[in-house]
Amino acid sequence: MTEPENTRSLEATVQRDFRQAMSYGDYLRLDLVLSAQQPLSAPPRHDELLFIIQHQTSELWLKLMLHELRAARELLRTDELSPALKCLARVKHIQHTLIEQWGVLTTLTPSEYAEFRSFLQSSSGFQSWQYRAVEFILGNKNPDMLQVFDHDPDTHALLATLMDEPTLYDEFLRFMHRRGHAVPQDILDRDVREAWQLHQTLVPVFASVYEHSHDYWQEYEACEALVDVEDNFQLWRFRHLKTVERIIGSKSGTGGSSGVPFLRRALDLTFFPELYAVRAQIGG
C-alpha cells in the first residue's frame, strides 16, 4: 500500500496501548508538571503564563546544576578530577541555557507585566532557595540569607548544611594540595562557613600552574573550567539585571529590594578571585 503524500505511517512495532504499560507522560509525571502553572491574575492575563514558565523552568535547571555541582565537589574530594570536570562541563551547558532563556522573558513589555505584577504580592526570585544553594556551594555564603527561609524548616536546614560544608573551590584547593601544590595551610584550615575572600598567597600557586601548564595540564584545565563557570554566572546575572531593567525600570522589586541597583551590586561578587588575579602575573 502506498503511503499518502506528506505523512508518516506508524510502524507496526510502535506501541499504542498504554493501559498496562508506562507511557512518556507517566515517566515524566507530566500530570504534575503541566498542572503546576496556576496563574493568579483576575481576570486572567495572557502573559502571566510566560512569567510562571520562565521561572519554573529556571528552577528545574537550577536543580540539575546543584546536582552536578555536588557531584563535582564529591569527585574532587576523592581525587577523581576527570569526572568532576565532566560534571562542570554539564553545568556550563545548563548555564548557557539559563542565559539564553532571558531572551524569552524580554518579550514581556512593561505594560504587559503591569497587568499581573500585583498578583505576585511579596514573592520574588530573590527567594529562590536553589539559586541560594548554588551560590553557597560556589562560595558566596551569607548567613543573613538564611533568615529568608525561616518559614520553611526543611529548606533552612538544607541551606544551613551547605553553609557548614566545604565549597567546590575548597575541595579543589585540597585536591591541589594533595597533588603537591603549595596551597597555604591557613587556607586549607579556613572556616568554610565564611564567604570566600581573595587570598593573595594563593595567586603564586596558580601562577605556577599557568606558567607550567604542560606539567600540570589537568590542574590547568580545571582552573579554566572554574573560570568558565564564573564567567557564565556573571553573564546570567547581567542578563537578569538588563531584563529587569527593561521590564520595570527603576521600580523596587516585589520582594522589597531596590530592584536594579540591588542586582547591579551582585556583579561585584566573585567565586574564584585568585583565578582572575593570576592573570596579571602571567607573562609579566
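Reader: What joins the side chains of His-181 and Glu-219?

Author: In this predicted model, a polar contact of 2.9 Å joins the two side chains, where a polar contact is a pair of N or O atoms within 3.5 Å, of which, within protein, one must be able to donate a hydrogen and the other to accept it, and residues adjacent in sequence count only if both atoms are side-chain atoms. Residues are numbered from 1 along each chain as its sequence is written, and side-chain values use heavy atoms, with hydrogens and water left out. Because the model is predicted, local features need pLDDT of at least 70 and side-chain atom pairs count only at pLDDT 80 or more, while totals for chains, interfaces and linings use all residues.

Reader: And is His-181 buried or exposed?

Author: His-181 is buried, with a relative accessible area of 8%; buried means under 20% relative accessible area, exposed over 50%, and partly exposed in between, with a 1.4 Å probe and protein chains only.

Reader: Which residues does His-181 touch?

Author: Leaving aside residues up to four places away in sequence, His-181 touches Met-176, Val-205, Val-209, Tyr-216 and Glu-219, with contact meaning heavy atoms within 4.5 Å.

Reader: Why is α8 largely enclosed by the rest of the structure?

Author: Eight of the eleven residues of α8 are buried, so the helix is largely enclosed by the rest of the structure. Among the buried residues are Leu-168, Phe-172 and Met-176, and Met-176 is also one of the residues that His-181 touches.

Reader: What volume does the largest pocket have?

Author: The largest pocket has a volume of about 1,500 Å³. On a 1 Å grid over the protein atoms alone, a pocket is an open set of points where a 1.4 Å probe fits, with protein on both sides within 12 Å along at least five of seven lines, and lining residues have an atom within 4 Å of a point. Grid points are joined across faces, edges and corners, and the volume is the space filled by probe spheres set on the points.

Reader: Which of its lining residues are the closest to the centre of that largest pocket?

Author: Of the 50 residues that line the largest pocket, the closest to its centre are His-55, Ser-124, Gly-125, Phe-126 and Gln-127. The largest share of that lining, nine residues, comes from α3.

Reader: What about the second largest pocket, which element gives the most to its lining?

Author: That is α3, with four residues, and the second largest pocket has a volume of about 190 Å³. Its lining includes Val-33, Gln-37 and Ile-53.

Note on methods. Helices (H or I, at least four residues) and strands (E, at least two) are DSSP runs, numbered from the N terminus.
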